[in-house]
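Thanks for passing this one along.

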Amino acid sequence: MAFFDIKNVRIAGIASCVPKQVYYTKDYLVNDKYNAEEFIRSTGIVSRRLDENYTTSDLCLHAAEKLISDLRWDKSEINILIFVTQGPDYLCPSTACILQDRLKLSKECYASEIPLGCSGWVYGLSYAASLLSRGSVKKGLLLVGDARLFQKTTDPLVGFAGTATALEYSDGDAGFQFHFGTDGSGYDAIIIPDGGSRNGISPSSFEIEDIDGKKMNRLESRMNGLDVFSFAISTAPKSMKKAVEYFNRDLNDFDYCILHQANIQIDEIIRKKLNLPEEKVPYSLREFGNTSSASIPITISTQLKGKVEDRHAEFICCGFGIGLSWGTVMFSTNSLFISDLVEV
């Protein structure tokens, strides 16, 4: 059973960065099956932020610089950098190494990269918290997001975002309680078929195929919507129930439940299965779409700013999706710092 209790670490602050360029769903037809109004009703996504001039690391860099400045952290004291994305700058080297240099962090910095999507922030949090929990290193950054090239008319769910979460050693802090799971038998439910070692890039990679009414090549992400829908509404509530039961908690004790921003139908089914009131389950997908691994931190930073900074707050968060993988984390904050949204 993948339950972990990692103490002596706290979240000091969160920052998010998105492109200034806004795409409104109402301005175009999604595909041959749905018009914009129907799509908004079924997904909840009114607008998204896209700009092909930015990579994931660019957006995470801006978020990190803002958060470091706001917290008045000394960069020489940041000795852990975890970068989570499905869209690295290059196949190699690791973008985490590049970000260490771009941020001008110490050359003694531990920099590592995790190639995960929807569950990525929770996984990355466990990596960073584990490294910080012994106290030999005091401060770390978790940089999480996705900004991939795609056509706005054929991939209307996804928005660009980069986030930074500042973590620090805090002796005696309750830290984080995790539950994780993986079902690799569903690996092809969300997949980019070509471009890796299994299926390299060839002329056929660029041939256009019709995938559920969408025109795309084999270097673009595709999803089996029904499989992902069934997986999400079943696995996410089970994971959160297992976590609270294992750690002797009660769902009613949490001030907020932050879900991966998949779409409004999936998240509302999960919310109702858990019998949680609407005010405890905020959404950022209406403004930013599905921002993959960035969806949990961007929801906290945009929907809870002004609500949690000056008090104690209890969180339960769940990320679920590509892999197939999922993760639940429970933690508390005291005077959490949330930076203003960075728009570039």
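Predicted model: local features only at pLDDT ≥ 70, side-chain atom pairs only at ≥ 80, totals over all residues.

1. The outward face of helix α1, turned away from its buried side, carries the exposed residues Glu37 and Arg41. Here exposed means over 50% relative accessible area, buried under 20%, and partly exposed in between, with a 1.4 Å probe and protein chains only. Helix α1 spans residues 36-43, and its buried residues are Ala36, Phe39 and Thr43. Viewed down the axis of α1, the buried residues fall within an arc of 60°, so they line one face of the helix; the arc is taken from the directions from the helix axis to the C-beta atoms.

2. Residues are numbered from 1 along each chain as its sequence is written, and side-chain values use heavy atoms, with hydrogens and water left out.

3. What covers the buried residues of α1? The cover includes α6 (264-273) and α7 (285-288). Just after α1, Gly44 has a positive phi of about 85°. Helices (H or I, at least four residues) and strands (E, at least two) are DSSP runs, numbered from the N terminus.

4. Next, the sheet. Five strands form an open sheet in the order β1-β9-β16-β15-β14, with mixed pairing; two strands pair if DSSP finds at least two bridges between them. β1 (3-6) and β14 (256-259) stand at the edges with a single partner strand each, so one side of each is left without a neighbour in the sheet. From one strand to the next, the twist averages 15°. Axes are lines fitted to C-alpha atoms, for helices over the stretch in contact, and angles run from 0 to 180 degrees between N-to-C directions.

5. Within the sheet, β9 (residues 176-182) and β16 (residues 325-334) run antiparallel and are joined by seven bridges. Contact means heavy atoms within 4.5 Å.

6. How many salt bridges does a search of the whole structure find? There are 17, each defined as a side-chain nitrogen of Lys or Arg within 4 Å of a carboxyl oxygen of Asp or Glu. One of them joins Asp58 and Arg102 at 3.0 Å, N to O. This pair links distant parts of the chain, with Asp58 in helix α2 (residues 56-71) and Arg102 in helix α3 (residues 95-102), 44 residues apart. Asp58 is buried at 15% relative accessible area, whereas Arg102 is partly exposed at 32%.

7. Lys66 also forms a salt bridge, with Asp70, the closest N and O atoms being 3.5 Å apart. The two are four residues apart in helix α2, so about one helical turn separates them.

8. Finally, please look at Ser295, in helix α8 (residues 295-303). Ser295 is buried, with a relative accessible area of 1%. Its contacts, not counting residues up to four places away in sequence, are Leu259, His260, Gln261 and Ser284.
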